[in-house]
Amino acid sequence: MKNNKGFTLIEVAVSFTLVATISIVLLQLVLSLKEVYLSGDVKTTLLNKQGIMTKYIYDDLNNKELVSITTCGLSCLTFRYGEGTVKNLLVDPGNKTIKYGDYTLQIDNSSYFGNLSVEYDETSSALTTGDDSVISINIPVISKLLDNENFGFNIIKTYNRSNTSINISSDIASTPVTLSGINTNISIIDEDSTHVRGIFVKLFRQTKDNYFGSDYNNFIKNNNANTFSTLTSLHTFKMTLNHESIINDITSNASLSAKEKREISQSYQDGYYSLLLNYNDAALSSGNYYWWYQTNNIASKETLKGFYVGFENGQAPNGLTYNKTGNNWSNIVGQATNIGVKNGSINDFNGNAANSVDLYAEAREYICKYSLSNVTYNGTNIKNLTLANGEKMCK
Amino acid sequence: MKNKGFMLIETLIASTIILGALIFLFIQFSTIKRSYDNSFRYNTIPGLYSGKVLVDFISKNGYSSLDQNLSSSTKGYVLLNGKCTLGAWNLTETKICEKITSKMDASHILYVGNNISNLQNDLKNNNYDQNVFNTGFKKFVLSINSIEINQRRRIIVEYKNNTYAVIAIS
C-alpha cells in the first residue's frame, strides 16, 4: 500500500496563502511604522523648533513693553523694548536660518521659506487706553518631506500707537541684504527715473590681488565680508518668472542643436538664474556688464554647466561653468572672461587684465518673497514697481 | 488509508485565530497612530500663542456682552470669527478684534462657557451646525474636558491648517 505521509496539494496551497497573507500584512505594518518614524522625526524636529522660536518671540512681546519696530535690512526687523532691550529678527534664506536676539534657528535641508510678510493696521481711531492697532509677521517654513506642510511662524501683536511706533520703510539704496551671514546691497539698473531694468544682489567679488585657494569648497563656501563670496546662497535666487518666454527663446535659438534645445528646455523646467557680471567696479547703469540666464546652480558641484539665452554688449556668454583643472574656477565658455581665479590675472570680456570682477544675481523674485521691510525706490514700494518692459515687479 | 495532513476545520480555526490576532494588532496600531497624529494637531504651541492674543484682547476689553450672547444661545457657543460686534466693544476695539481673528488664520473661533457638556452632547447626538463642525473639529471639541476646573470661559479655535486649540480666558 502506498504511504501518503506528505502534505496534500490543497494543504500546501492553503498554508502558502496564509503565510503570504500574514507576511504581506506584517510587511505593510513594518513599512508604515518606518514611515511614521521618519515623518515623526522630521515633524517633531520642525515642531520643536517652531515652538521654541514662537515662545521666545511671544515671551518678549507679551511680557515687555514694545517701544518700536524698525527695519534693519530687507529681511530684518529690530524690536526695541521699554527696559532698553534691542533684538533683531533676521531671516537669512541663504543659509536657511531665522535669528531672533541671540537665538538662531536653522531649518533642515528639506524645508524652505515661503513668502514672508509683515502687515500692520493703524487705520482705526486712536484710543488713549487699550490697543488700537495690530501687526502680524508671517514667516512660513514649508517642508517638502511632509506634503508642503507649513511649520512657520505667524506672530500677531496688538499695540497702542501712542506707545509703540512701527517704521519698517527703507530706501533701496540703504537696505542691506544678509546672505549666508554676510551683508550686501541691492543694486539697480535704471531705465529712467520711474522704471528699472533689473534689481540685483552681489554674490561674489574677487580682486586681482586676492586669490582663492585651490580647493573647490574654499571657492564656493568662502563666507568672508572682505573676500566677498556668498555663492552658496545662489539657490535662493532661482527664478520662475517669464518661464515660457525663456523656453521660447531657447527653442528659437538657431545656434543650438535640437539636442541642446531639448536639454536646455528640460533643465529650465525647474527655474533658472538671471546672472550679471561686471569688471573694474563699472557702474551697472553704464551697460558695462554681461547679463544672461543660466540653468544650473554653480554652487552645486555636480551640475556646473550653463547656457545663455540673453546677453548684453553684443556678445553671447554661454554661462558660467566649473573648470576643475584650469586656473579659473568658472568662466564664460567661448570667451576670455573668468571669475574665481586661482592665480594669474582676471580677464574682462575683452580679454584684458582687470582689477576686479563681481557676480550679481537678479533679485526680483528674491525681494518679492523675502521682504520683511517696505523697501522703496523713489518713494514707491518696490513690490509695486513696474519694470521697463511693462511687467509688474512682483506677480 | 492514513491521512495525517491538516483537516480543513483545523486550517480554518488556525487562520481565524491568526486573522483575529492581526485585526487586534491593526486596531491597536490605528488607535496609537490616531493619538500620535492628534498630538501634532491638538493645542500646538503656535496655536496656543496665537489664540492667546485674542484671549488677552477679550480679557482686557470685557466679555459681558459675549456672556449675554452665550446665555441666549441654544447652541452652547458664540461664533466669533468675523462677528466681533457680538462683543459690543467700541468701533476701534471691534475692528481690532476682527483684525486679530483674520490674522489668526482660523476657520472657526468659538466662545464657550466653563461647561461645554451641552455642546458635547449635541455633537454626540449629531445635533450641530455642519458648517461649523467638520469631523476633525467635532472630535477635538469632544476631547476637551467638559468643565473648566477654574470656572473660566474658553475660546476654541480651529485653524486653517487643521490644528486646534482651546484657551481659557483669565
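Colleague: Which domains does the domain assignment of chain B give?

Modeller: There are two entries for chain B: domain 1 covers 1-41 and domain 2 covers 43-168. Keep in mind that this is a predicted model. The C-alpha centres of these two domains of chain B lie 43 Å apart.

Colleague: And how is chain A divided?

Modeller: Chain A has domain 1 at 38-167 and domain 2 at 172-384. Their contact takes 16 residues from domain 1 of chain A and 18 residues from domain 2 of chain A. Residues count as touching if their C-beta atoms, placed from the backbone, lie within 7 Å.

Colleague: Which elements give two or more residues to the side of domain 1 of chain A that touches domain 2 of chain A?

Modeller: Those are β1 (66-73), β2 (76-81) and β3 (86-92) of chain A. With three residues, β3(A) gives the most to that side. By residue kind, this side of domain 1 of chain A has nine nonpolar, six polar and one charged.

Colleague: What makes β5 and β12 of chain A edge strands?

Modeller: The open sheet has six strands in the order β5-β4-β3-β2-β1-β12 (chain A), and its pairing is mixed. Both β5 (103-106) and β12 (165-167) of chain A pair on one side only, so they are called edge strands; a pair needs at least two bridges found by DSSP. On average, neighbouring strands of this sheet are turned by 15° against each other, direction ignored.

Colleague: Why do β3(A) and β4(A) count as paired?

Modeller: The cut-off is at least two bridges between the strands. Strand β4 (residues 97-100) of chain A and β3(A) have four bridges, so they pair, and the sense is antiparallel. One bridge joins A:Asp92 to A:Thr97, the latter in β4(A).

Colleague: Which strands does helix α1 of chain A touch?

Modeller: Helix α1 (residues 9-63) of chain A packs on the sheet and touches β1, β2, β3, β4 and β5 of chain A. Its direction makes about 25° with that of β4(A).

Colleague: How many helices and strands does chain A have in total?

Modeller: Chain A has five helices and 26 strands.

Colleague: What percentage of the residues in chain A is buried, and what makes a residue buried?

Modeller: A residue is called buried if 20 or more other C-beta atoms lie within 10 Å of its own. Of the 395 residues in chain A, 37% are buried. As for contacts in chain A with a separation of 6 or more, 55% are between residues 24 or more positions apart.

Terms used: Residues numbered from 1 in each chain as written. Chains lettered and ligands numbered in written order. Predicted model: local features only at pLDDT ≥ 70, side-chain atom pairs only at ≥ 80, totals over all residues. Domains from an automatic or database assignment. Contact = placed C-beta atoms within 7 Å. Nonpolar A, V, L, I, M, F, W, Y, C, P; charged D, E, K, R; others polar. Axes fitted to C-alpha atoms, helices over the stretch in contact; angles between N-to-C directions. Buried ≥ 20, exposed ≤ 12 C-beta atoms within 10 Å, placed from the backbone.
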